[in-house]
Amino acid sequence: MARKGSSIRLSSSRISSLLLSMFATFASFYVAGRLWQESQTRVHLIKELDRVTGQGKSAISVDDTLKIIACREQKKTLAALEMELSAARQEGFVSKSPKLIDGTETKKRPLVVIGIMTSLGNKKKRDAVRQAWMGTGASLKKLESEKGVIARFVIGRSANKGDSMDKSIDAENSQTDDFIILDNVVEAPEEASKKVKLFFAYAADRWDAQFYAKAIDNIYVNIDALGSTLAAHLENPRAYIGCMKSGEVFSEPNHKWYEPEWWKFGDKKAYFRHAYGEMYVITHALARFVSINRDILHSYAHDDVSTGSWFVGLDVKHVDEGKFCCSAWSSAICAGV
């Protein structure tokens, strides 16, 4: 009986030891798991703290913070200005500076395209203009490359297209290469306004110049004086420059300056402000406006009145420049030849 009791006690002791060992093992696993979870939590909290406080970097001073804020504001302002500048360039309101390619300037932008209105039988006048100031061949090219002035005679076609007068103009142009021939304009006084309109449209489409000038074939143009005068208006994107007036509208059919649509100008029969005479100038933006709207811009009896009418409803700066009054003795830009 004593041996049996002793065996029972030994068995109970072994079971207790086994249970204790199992409990200790489970406790170890539990503690280790909790420690691992806490360590992971600490790592996460540290990362979040670093992110919030500057990604682990040392704190910056108040002065440094203000500098960063000011820099960011300047970047925003610069970005906004660049967007406005880009939009202005697309509208043609900003001059395009020559770009650099491999350290070399690209071709210089022309200053002005001068369209010299001429007629089919005016070869002697054209020759006088070529000899006086426009030049031919190499001298004409030099005027373009050195002065930025492109000069061309502007002419329409004969009422009988293809006749000897048209052929004469074609032959002259093959020798001089200094014409803009408008095939859809009949060379006649009543087509003068349409001729000027299509010249501005053609020139704006072909040449990206700062200015576009209408002139006639019996004046002498002082290129240097013209260049210096136009240079003063380079920053005005919508300048309309010339010898300005608001003259009387004549309703008598026999009058030299008869205006068939005289009734449109009110009871006092006075024209709106417009550049008149032998020469006037518009900027690139205005020439582009004429080009885009050529089909709907109305033409009156006289080209100077018509040109003025196209800009009446626009935000245009009318520049009354006495130097463009070619008939005046004091004119420094143009004079009769």
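Reply: Happy to. In this predicted model, the largest nonpolar core holds 34 residues, and those touching the most other members are Val112, Ile114, Trp133, Leu226, Leu230 and Met279. Leaving aside residues up to four places away in sequence, Met279 touches Ile114, Ala213, Lys214, Ala215, Ile219, Val221, Leu226, Phe324, Cys326 and Ile333. Two of these partners, Ile114 and Leu226, are named above among the core residues that touch the most other members. Apart from this core lies another one, of 28 residues, including Val154, Ala203, Ala209 and Val290.

Taking contacts between residues at least 6 apart in sequence, 74% join residues at least 24 apart.

Helix α6 (residues 192-206) packs with helix α9 (residues 303-310) at an angle of about 50°, and their axes are 8 Å apart. Because of that angle, α6 counts as oblique to α9. Their crossing is right-handed. On the α6 side the contact is made by Ala192, Ser193, Val196, Lys197 and Phe200, while α9 contributes Asp303, Ser306, Thr307 and Trp310. By type, the residues of this contact are four nonpolar, three polar and two charged.

Note on methods. Residues are numbered from 1 along each chain as its sequence is written. This is a predicted model: local features need pLDDT of at least 70, side-chain atom pairs count only at pLDDT 80 or more; totals for chains, interfaces and linings use all residues. Side-chain values use heavy atoms; hydrogens and water are left out. Axes are lines fitted to C-alpha atoms, for helices over the stretch in contact, and angles run from 0 to 180 degrees between N-to-C directions. Helices (H or I, at least four residues) and strands (E, at least two) are DSSP runs, numbered from the N terminus. Angles under 35 degrees count as roughly parallel, over 145 as roughly antiparallel, 65 to 115 as roughly perpendicular and the rest as oblique. A crossing is left-handed if the near helix is turned anticlockwise from the far one by less than a right angle, and right-handed if clockwise. Contact means heavy atoms within 4.5 Å. Ala, Val, Leu, Ile, Met, Phe, Trp, Tyr, Cys and Pro count as nonpolar, Asp, Glu, Lys and Arg as charged, and the others, Gly among them, as polar. A nonpolar core is a set of buried Ala, Val, Leu, Ile, Met, Phe, Trp, Tyr and Cys residues joined through side-chain atoms within 4.5 Å. Buried means under 20% relative accessible area, exposed over 50%, partly exposed in between (1.4 Å probe, protein chains only).
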